[in-house]
Amino acid sequence: MSFTPPTVLAVAATATLAALLGNLVFLDDLDLFFKEGEGVELLTVVLLGAATLLWFAIKGLRRGLASWHVPVALLLMAARELDFDKSLTEHGLLKLRTYTGSGGWTDKVIGGLLILLILVVLVRFLRRNLRDWLARLLRAEAGAWWLFVGLAFAAVAKTIDGIDRKLAPFGIDVPREIGMRAGRIEEVLELAFALCLIQAIAHIRRTA
């Protein structure tokens, strides 16, 4: 199979549309379409896994592992989508109360190692990829702009995630329906983010 950007875009878009339509047809309760761990979110996880496989398919095993922070970041995002961090502890590995509370040391050690891994991945991105990515943006290279659009989608998604909870301390009461719609928009934006990552990776050969 040729991993050219148009081919990858066509396959990813077609597979995503087919999966979404399949969910709509076969789900007994349409509310599950946007429920965590179901429908749109589950498809986002699948797309992040596909992005990881595409990374190695294009870069090769040796070159792919040389930049191991990229596939690790993709897998960490997939695990976060599935709330894997929360499944290991009562409050979640990324919550401050896990480390300041009276929980067991096992949770604290595992959480600390996970946070250390995330920091190492971020530092590697900043040192190895940030300058090159900004230069590609200025040159209007497609792969860099796919990543930029994807990050914009992710930023908006995180902003509206739990908007009712975020605004409550300020005395702003968000209607339940608006909170529900915001949650659904968040899931769709995260799906779009994963698709953008796939397309950004698909441009690696052409722009490298």
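What follows is one answer, which begins with the salt bridges and then turns to other charges, a nonpolar patch and the chain as a whole.

Modeller: Please keep in mind throughout that this is a predicted model. The count of salt bridges comes to five, and I will describe some of these pairs in turn.

I begin with Asp132 and Arg136, which form a salt bridge whose closest N and O atoms are 2.6 Å apart. Both residues lie in helix 8 (residues 130-138), and they are four residues apart, about one turn of the helix. The two partners can also be described by their accessibility: Asp132 is partly exposed, because its relative accessible area of 37% falls between the limits of 20% and 50%, whereas Arg136, with a relative accessible area of 16%, is buried.

A further salt bridge joins the side chains of Glu141 and Arg139, at 2.9 Å from N to O. Glu141 is buried, with a relative accessible area of 16%.

Another pair is made by Lys158 and Glu190, where the closest N and O atoms of the salt bridge are 3.2 Å apart. This pair links distant parts of the chain, since Lys158 belongs to helix 9 (residues 142-160) and Glu190 to helix 11 (residues 176-202), and 32 residues separate them. Lys158 counts as partly exposed at 44% relative accessibility, while Glu190, at 6%, counts as buried.

Glu41 is buried and yet has no salt bridge, and the nearest side chain of opposite charge, that of Arg80, is 7.2 Å away. Leaving aside residues up to four places away in sequence, Glu41 touches Lys35, Glu36, Glu81 and Glu187.

On the surface, Lys86, Lys95, Arg165 and Lys166 gather in a patch of positive charge. One of these residues, Lys86, lies in helix 5 (residues 84-88) and, at 37% relative accessibility, counts as partly exposed.

The surface also carries a nonpolar patch, formed by Trp105, Val109, Leu113, Leu116 and Val120, which together have about 540 Å² of accessible area. Val120 has its place in helix 7 (residues 105-128), and its relative accessibility of 33% makes Val120 partly exposed. This value is enough for a place in the patch, because membership asks for over 30% relative accessible area and no salt bridge.

Finally, the chain as a whole gives these details their setting. Its secondary structure comes to twelve helices and zero strands, so that, in the sense of DSSP runs, each element named above is a helix. Buried residues make up 34% of the 208 residues in the chain. Among contacts with a separation of 6 or more, 64% are between residues 24 or more positions apart. The chain exposes about 12800 Å², and carbon and sulfur atoms supply 68% of that area.

Terms used: Residues numbered from 1 in each chain as written. Predicted model: local features only at pLDDT ≥ 70, side-chain atom pairs only at ≥ 80, totals over all residues. Heavy atoms only, no water. Patch = residues over 30% accessible without salt bridge, like charges linked within 9 Å, V, L, I, M, F, W, Y side chains within 5 Å. Areas by Shrake-Rupley, 256 points an atom, 1.4 Å probe, with all protein chains shown as cover. Salt bridge = Lys/Arg side-chain N within 4 Å of Asp/Glu carboxyl O. Helix = DSSP H or I, 4+ residues; strand = E, 2+ residues; numbered from the N terminus. Buried < 20%, exposed > 50% of the residue type's maximum accessible area, 1.4 Å probe, protein only. Lys, Arg positive; Asp, Glu negative; His and termini not counted. Charge placed at Lys NZ, Arg CZ, Asp CG, Glu CD. Contact = heavy atoms within 4.5 Å.
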